[in-house]
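Here are some notes for a first look at this structure. Please keep the model open while you go through the points.

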Amino acid sequence: MEGKGIEVTVKTPSRLHFCMIDLRGDLGRIHGSVGVTIDNPNIILKAKAASSVEVKGSRADRIKSFAETILARSGISGGVSIELLSDIMEHSGFGSGTQLALAVGTAISELYGLHSTVEEIALKLDRSRRSGIGTFAFKHGGFNVDAGHKVGDTRRIPPLFFRADFPDNWRFVIGVPSIPTKKSGSSEKNAFNKLNPPPATLTAEISRIILMQMIPAIIEEDIVSFGKAITSVDFKFGQFWAEIQGGCFTHPIIERGIAFLADSGSLGQGQSSWGPAFYGLSENEGQAQKICIGLEKFLNQDKRKGRAFIAQPNNHGASVSKTSI
């Protein structure tokens, strides 16, 4: 059995999703997305070859489904034993589904010597049909902008338009309130189908901010301009999504939390994907610590519950290691 005597460990990053770029598709491409890779929360799993598919830990059914799909589509007759040691909160804005899928697929590729690329694994597991940010976060980390799909063609990973290391000293203060989640999977697809395409003026504004403010700010490590850019695109799309989100954000506590971050000195704020995770940008660890303490208190007052934490950038993507057993 190939992979016998070897154990593979995969540790993934998470991602914050800043915005989609173009939901119109009238230029021949649709979606496109912008996001950054962060060092936590993480998925950590261990895998070894087996005669069947065995899973220990949370999300066992989903892991088993990913594993069986990869094995079948790769022509592998053997199985795999997987133990999930650490997980990313599902449906919270961190891209947990894509990270889990890629971690499982990568582990199996390493065990069976498939030499599959991250993009090949994503396609086999039907990931990145809308956004490529999670795939690129797993592959190489950093700040990423993808160019979306050709209209009607989701058989390829969206091409990476721009990628850069995120400044090491910048920090994100992240809040995750304990509230019901609203959009993920099929519900996200339904939301896209219900919404009319945005006006061309909005798409033009978003594109201009990304090209002429956000990307140059990363290159020049200009945190003030970058913060203004992420705040601007988040609020512009939030207003567009209001019809299906019930407001600029998916819950009033997120709106209040973002206002708290702004008042506390963070340099840019937003909601990651559909939330409930929201974030504020800080220029260093010290500032982030002060803001995080206040946000933790804010999220847990008046009988509310939630958690706040600090995330550093991840500029290398997932890590994979092998050990003899």
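1. At which residue does helix 7 bend, and by about how much? The place is Gln239, and the angle is about 45°. Bear in mind that this is a predicted model. Helix 7 covers residues 223-245, and its end C-alpha atoms are only 29 Å apart. A straight helix of 23 residues would span 33 Å.

2. Look next at the two ends of helix 7. At its start, a side-chain oxygen of Asp222 comes within 3.3 Å of the backbone nitrogen of Val224. Just after the helix, Gly246 has a positive phi of about 85°.

3. Most residues other than glycine have a negative phi, and most peptide bonds are trans. Glu221 is exposed, because its relative accessible area of 51% is over 50%.

4. Asp126 is in the loop between helix 3 (118-124) and helix 4. At 36% relative accessibility, it counts as partly exposed.

5. Is helix 4 mostly covered or mostly exposed? Helix 4 (residues 133-140) is mostly covered, with six of its eight residues buried. These are Ile133, Gly134, Thr135, Phe136, Ala137 and Phe138. Just after this helix, Gly141 takes a positive phi of about 65°.

6. One joins Asn40 and Pro41, with omega about 5°. Pro41 lies in the loop between strand 3 (29-38) and strand 4 (44-50). Another joins Gly275 and Pro276, also with omega about 5°. Pro276 is in the loop between strand 11 (269-271) and strand 12 (278-282).

7. Now the interior. In soluble globular proteins, nonpolar side chains tend to be buried together. Here the largest nonpolar core has 77 residues. Those with the most contacts inside it are Phe18, Leu45, Phe143, Phe172, Ile174 and Phe226. Leaving out residues up to four places away in sequence, the residues that Phe18 touches include Val34, Val36, Phe143, Phe172, Met214, Phe226 and Tyr279. Gly35 and Asp234 are also among the residues it touches. Apart from this core lies another, of 17 residues, among them Phe249, Ile258, Phe278 and Ala288.

8. A search of the whole structure finds zero disulfides. Both cysteines are out of the way of the surface: Cys19 counts as buried at 4% relative accessibility, and Cys248 counts as buried at 16%.

9. Is Ser81 buried or exposed? At 14% relative accessibility, it counts as buried. Beyond residues up to four places away in sequence, Ser81 touches Lys46, Ala47, Lys48, Ala50 and Glu54.

Definitions and conventions
Residues numbered from 1 in each chain as written. Predicted model: local features only at pLDDT ≥ 70, side-chain atom pairs only at ≥ 80, totals over all residues. Heavy atoms only, no water. Disulfide = S-S within 2.5 Å. Buried < 20%, exposed > 50% of the residue type's maximum accessible area, 1.4 Å probe, protein only. Core = buried A, V, L, I, M, F, W, Y, C linked by side-chain atoms within 4.5 Å. Contact = heavy atoms within 4.5 Å. Helix = DSSP H or I, 4+ residues; strand = E, 2+ residues; numbered from the N terminus. Expected span 1.5 Å × (residues − 1). Bend = angle between axes of the 7 residues up to and from the residue. Polar contact = N/O pair within 3.5 Å; in protein donor to acceptor, adjacent residues only side chain to side chain.
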